[in-house]
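Subject: Structure handover

Hi,

Here is the structure I promised to pass on. Please open it first, then read my notes beside it.

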Amino acid sequence: MSKMKTKKSASKRFSLTGTGKVKYKKMNLRHILTKRSPKRKRQLRASGILDEADARKVRKQMLPYG
């Protein structure tokens, strides 16, 4: 059987931690930032952890060798 291909769009958006959790960058920090509070912008800088139901799907279908 041939190798499974990684979905390149997913590999650019998600990465795996050492324990196998799926990490992603939070949205809404690109433009029109004047209306957001400094606290909100600061919290958006931190990376997010995908919840397990979605993470299972990403690991299996999109990042098969990750």
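First, a term: helices (H or I, at least four residues) and strands (E, at least two) are DSSP runs, numbered from the N terminus. Pro38, for one, has its place in helix α2.

Two points about the source. This is a predicted model, where local features need pLDDT of at least 70, side-chain atom pairs count only at pLDDT 80 or more, and totals for chains, interfaces and linings use all residues. Residues are numbered from 1 along each chain as its sequence is written, and side-chain values use heavy atoms, with hydrogens and water left out.

**Overall build**

The protein chain has three helices and three strands. Their pattern along the sequence is α-β-β-α-β-α.

How does the radius of gyration of the protein chain stand against that of a compact globule of 66 residues? The chain has 15 Å, while the globule would have a value near 11 Å. The radius is taken over C-alpha atoms, and the globule rule is 2.2 Å times the number of residues to the power 0.38. The C-alpha trace spans about 55 × 20 × 20 Å along its principal axes.

The protein chain exposes about 5,800 Å², and carbon and sulfur atoms supply 53% of that. Accessible areas come from the Shrake-Rupley method with a 1.4 Å probe; for residues, only the protein chains shown count as cover. Of the 66 residues, 14% are buried. Buried means under 20% relative accessible area, exposed means over 50%, and partly exposed is in between (1.4 Å probe, protein chains only).

Now contacts, meaning heavy atoms within 4.5 Å. Take those between residues at least 6 apart in sequence: 55% of them join residues at least 24 apart.

**The sheet**

Strands of a sheet pair through backbone hydrogen bonds, either parallel or antiparallel. Here, two strands count as paired if DSSP finds at least two bridges between them. This chain has an open sheet of three strands, in the order β1-β2-β3, with antiparallel pairing. β1 (14-16) and β3 (48-49) are at the edges, each with a single partner strand, so one side of each has no neighbour in the sheet. Strand β2 (residues 22-24) is joined to β3 by two bridges, and the two run antiparallel. Look for Tyr24, which stands opposite Gly48 in β3.

**The core**

Which residues make up the largest nonpolar core? There are seven: Ala10, Phe14, Val22, Leu50, Ala55, Val58 and Leu63. A nonpolar core is a set of buried Ala, Val, Leu, Ile, Met, Phe, Trp, Tyr and Cys residues joined through side-chain atoms within 4.5 Å. Leu63 is in contact with Thr6, Ala10, Ser11, Phe14 and Val58, leaving aside neighbours within four places in sequence.

Lys12 sits in helix α1 (residues 8-13). Lys12 is exposed, at 71% relative accessibility. Tyr24 is twelve residues from Lys12 in sequence and 9.4 Å away in space, C-alpha to C-alpha.

Met62 belongs to helix α3 (residues 52-62). Met62 is partly exposed, with a relative accessible area of 31%. Met62 and Lys12 are 50 residues apart along the chain, yet their C-alpha atoms are separated by 11 Å. Met62 touches Thr6, Lys7, Ala10 and Lys57, not counting residues up to four places away in sequence.

**Salt bridge**

Side chains of opposite charge can pair when their charged atoms come close. The rule for a salt bridge is a side-chain nitrogen of Lys or Arg within 4 Å of a carboxyl oxygen of Asp or Glu. The count comes to one. Glu52 and Arg59 form it, at 2.6 Å, N to O. Glu52 is partly exposed, at 39% relative accessibility. Arg59 is partly exposed too, at 24%.

**The β2-α2 loop and Pro38**

Most residues other than glycine have a negative phi. Asn28 has a positive phi, near 75°. Asn28 lies in the loop between β2 and α2 (38-45), and is partly exposed at 36% relative accessibility. Ile32 is not a glycine either, and its phi is positive at about 55°. Ile32 is found in the loop between β2 and α2.

Back to Pro38. Is Pro38 buried or exposed? Pro38 counts as exposed, at 59% relative accessibility. Pro38 and Gly18 are 20 residues apart along the chain, with 31 Å between their C-alpha atoms.

Best wishes
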